[in-house]
Amino acid sequence: MTSTRLLADLRAVRRTILVANQKGGVGKSSIVAAIAVAVARRGKRVLVVDADQQGNCTIRDLGVKDSDEGRSLAMTLQYGSALEPVRDVRPGLDIVCGGKLLAMAGTVVAGAEQHGIDPRQNLLVALEALVDSVGYDLVLIDSGPGDRGVLDLLLQVVSWLIVPTKEDDGSIDGAELLARRYLWARKNGAQVELMGMVLFDCNPRAVRRNEDTLGKIMDLLEGTGIEPFRSFIRQDKAAALDARAFHLTAEELIDYSPAKAGEATEEAPTKKWSRDTEPLATDYQKLTREVLVRLAAGERAKESV
């Protein structure tokens, strides 16, 4: 089934996918940006919520120049105010920005009960209102690695969870910690479901090593009935450097020439380091299709209950 057909088949309003791992640097922001851009380029409306105070998805990946540095999301959590996304950072793609002002969010969440605040309900109501008013087809949330309180809150709001991991033990440990928070959330009534885990920044030729890592992932998923994503994201340091330098995804970089675009600045160099980003772009496209397949299947399963 083609990605276009899959997109046409998706109907539910609240397709909220959280991408999370309790370790940083495992590809969360890159995956969120790549999937968001891929879906938006195929004619759908997408909302990204950058819930990371580092704001990498906002600034580095999507190149938002007028970011509020997380103010809107922080105000929503504390006061229940409306979410104010930056519109059309790509055609059909809006983003609620992340950034340093989200540093207060953890404090708000931690002291919520004491101060009579319900940040979960605040976010849920504001998110549903925004999705209903705009008609987004997909919502992707990028989470920070550090604040457990905010992570627990997000797990109570979203419908689906994707966990990226690298092959190193630190990343696997972060995924395991995240799995524990997921199980805790489910035990406490959250409706979130684990969509799968994806191997990021791997060497496609290191077959045995990748199989070993996938074995560790399978051990983490044991008893859940969930398979790891068959798609993986290869290591391509040159493309990763270019993506952050030009604030483009691997798919967007394929035909991009900074010299022709006339956008060479002190921040954006005049040349790309990568010769060919198509293999990396293909990885992200395959992952996007697989996410849409699992999302569609999950929605059908929920409708049949």
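Reader: Which residues touch the most other members of the largest nonpolar core?
Author: L18, L73 and L161 do, in a core of 42 residues. A nonpolar core here is a set of buried Ala, Val, Leu, Ile, Met, Phe, Trp, Tyr and Cys residues joined through side-chain atoms within 4.5 Å. Buried means under 20% relative accessible area, exposed over 50%, and partly exposed in between (1.4 Å probe, protein chains only).

Reader: And which helix gives the most to this core?
Author: Helix α6, residues 119–134, with six residues. Helices are DSSP runs of H or I, at least four residues, numbered from the N terminus.

Reader: What's the model, by the way?
Author: It's a predicted model: local features need pLDDT of at least 70, side-chain atom pairs count only at pLDDT 80 or more, and totals for chains, interfaces and linings use all residues. Residues are numbered from 1 along each chain as its sequence is written, and side-chain values use heavy atoms, with hydrogens and water left out.

Reader: OK, what is L161 in contact with?
Author: Leaving aside neighbours within four places in sequence, its contacts (heavy atoms within 4.5 Å) include L18, L155, Y182 and M195.

Reader: New topic: where does D68 lie?
Author: In the loop between α3 (56–61) and α4 (71–79). D68 is partly exposed, at 24% relative accessible area.

Reader: What does its side chain reach?
Author: The side chain of D68 reaches the backbone nitrogen of G70 at 2.9 Å.

Reader: How many α2 residues are buried?
Author: Twelve of its 13, including I31, V32 and V39.

Technical notes:
Helix = DSSP H or I, 4+ residues; strand = E, 2+ residues; numbered from the N terminus. Polar contact = N/O pair within 3.5 Å; in protein donor to acceptor, adjacent residues only side chain to side chain.
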